[in-house]
Amino acid sequence: MRIATYPDAGSFLDVAQNYLEKDEALNNLPLGLACRLRDQESVDPPPLYLTAADDDGLVLAALMTPPHNLILYSDRSDPGLSELVHHLVPSTWTVPGILGPADLAGRFARAWEEATDRTSRIKTRLRVYQLTSVEHRGSAPGHFRAATPTDVDLLARWSRDFGLAIDEPRGNLEEITPAVLNRIAAGNLFIWEDGKPVSMAAYSRPTSHGTAINEVYTPPEFRSRGYATACVAALSQHQLDRGHIFCALFADLDNPISNSVYQKIGYRPVGDFDQIEFA
């Protein structure tokens, strides 16, 4: 197996994009991240871009944006994970965890444990969904609209609470607010409003044919009223109307309500991912 690394997202995509796009919805995260990074002038700290190949072509692609986990994909049952691990262990890269198709992530974690004596644990079990048509819009009262700068204080609080809910703290409001303002300015953060804002959702990481729906959050006091269903359905239709062939999203498998909501809207499973942490 031949392992190669790349100095930037553009050169990585030149080699890996067609490979990842063979399963574009499943790979919406590494593809979308790489496409976004390609358009940025500089990234600090620099990400890791990596592929592995044999005589028949690519067998693996990986991307890591420190301090986040290594995102891994392979369409092979045995892509040479031990060789990848032994390439990474002596390098200067710190790998805090792995995110990828469940079986692949589990096998990488076991190889990492054997090579480093570090233990691992599954932090989150995720299901990747794809939607090509909206089948159910819900019947919640209210309307869908783009977020505006006047919403920033509220949405910063919601973003903080969302991060805490998914066990990915984002810091204090002062740290979160600029990122929320950027999303509002970019036009990718939306609200369902029923007299007042009651739910939010966003899109990001466009790929060649799709886009990802994320940041879906409804405060506890507004739940079980269909607001999230209406908001996600409206945003999904908005993206299809803009010319995307599909929308993709991740859902926590330990949250049966959200998985049920997404499937009712028209999202269909395309694969399961595990997020594994290394001690």
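Trainee: Why is Asp 167 called partly exposed?

Mentor: Its relative accessible area is 45%. Buried means under 20%, exposed means over 50%, and partly exposed is in between, with a 1.4 Å probe and protein chains only. The value of 45% falls in between, so Asp 167 is partly exposed. Asp 167 sits in the loop between α5 and α6. Helices (H or I, at least four residues) and strands (E, at least two) are DSSP runs, numbered from the N terminus.

Trainee: What should I know about the source?

Mentor: This is a predicted model, where local features need pLDDT of at least 70, side-chain atom pairs count only at pLDDT 80 or more, and totals for chains, interfaces and linings use all residues. Residues are numbered from 1 along each chain as its sequence is written, and side-chain values use heavy atoms, with hydrogens and water left out.

Trainee: What makes the phi of Asp 167 worth a note?

Mentor: Most residues other than glycine have a negative phi. Asp 167 is not a glycine, yet its phi is positive, about 60°. Ser 224 also has a positive phi, about 65°, and is not a glycine. Ser 224 lies in the loop between β10 and α7.

Trainee: Is Ser 224 buried or exposed, and how do you know?

Mentor: Its relative accessibility is 83%. That is over 50%, so Ser 224 counts as exposed.

Trainee: Which peptide bonds are cis?

Mentor: One joins Asp 44 and Pro 45, with omega about 0°. Pro 45 is in the loop between α2 (28-38) and β2 (48-54). Another runs from Pro 66 to Pro 67, with omega near 10°. Pro 67 is in the loop between β3 (57-64) and β4 (70-73). For background, most peptide bonds are trans.

Trainee: Why is the pair of Phe 144 and Phe 190 called stacked?

Mentor: Rings of Phe, Tyr and Trp (its six-membered ring) pair if their centres lie within 6.5 Å; planes under 30 degrees apart count as stacked, over 60 as edge-to-face and the rest as tilted. The structure holds 12 aromatic pairs. In this one the centres are 5.0 Å apart and the planes are at 10°, so the pair is stacked. The pair links distant parts of the chain, 46 residues apart: Phe 144 is in strand β7 (residues 143-146) and Phe 190 in strand β8 (residues 189-193).

Trainee: How do you know how accessible Phe 144 and Phe 190 are?

Mentor: Phe 144 has a relative accessible area of 23%, so it is partly exposed. Phe 190 has 5%, so it is buried.

Trainee: What makes the pair of Phe 162 and Tyr 217 edge-to-face?

Mentor: The planes are 70° apart, which is over 60. The centres are 6.3 Å apart, within the 6.5 Å limit. This pair links distant parts of the chain, 55 residues apart: Phe 162 is in helix α5 (residues 152-165) and Tyr 217 in strand β10 (residues 210-217). Phe 162 counts as buried at 13%. Tyr 217 is buried at 7%.

Trainee: Which residues do ring pairs link into a cluster?

Mentor: Tyr 6, Phe 12 and Tyr 49.

Trainee: Why is Ala 230 called buried?

Mentor: Its relative accessible area is 3%, under 20%, so Ala 230 is buried. Ala 230 is in helix α7 (residues 227-241). Leaving aside neighbours within four places in sequence, Ala 230 is in contact (heavy atoms within 4.5 Å) with Arg 137, Ala 140 and Trp 192.

Trainee: How do you know the chain agrees with a compact globule?

Mentor: The radius of gyration is taken over C-alpha atoms, and the globule rule is 2.2 Å times the number of residues to the power 0.38. With 279 residues, a compact globule would have a radius near 19 Å; the chain has 19 Å, so the two agree. The chain has 8 helices and 12 strands. Buried residues make up 50% of the 279 residues. Among contacts between residues at least 6 apart in sequence, 71% join residues at least 24 apart.
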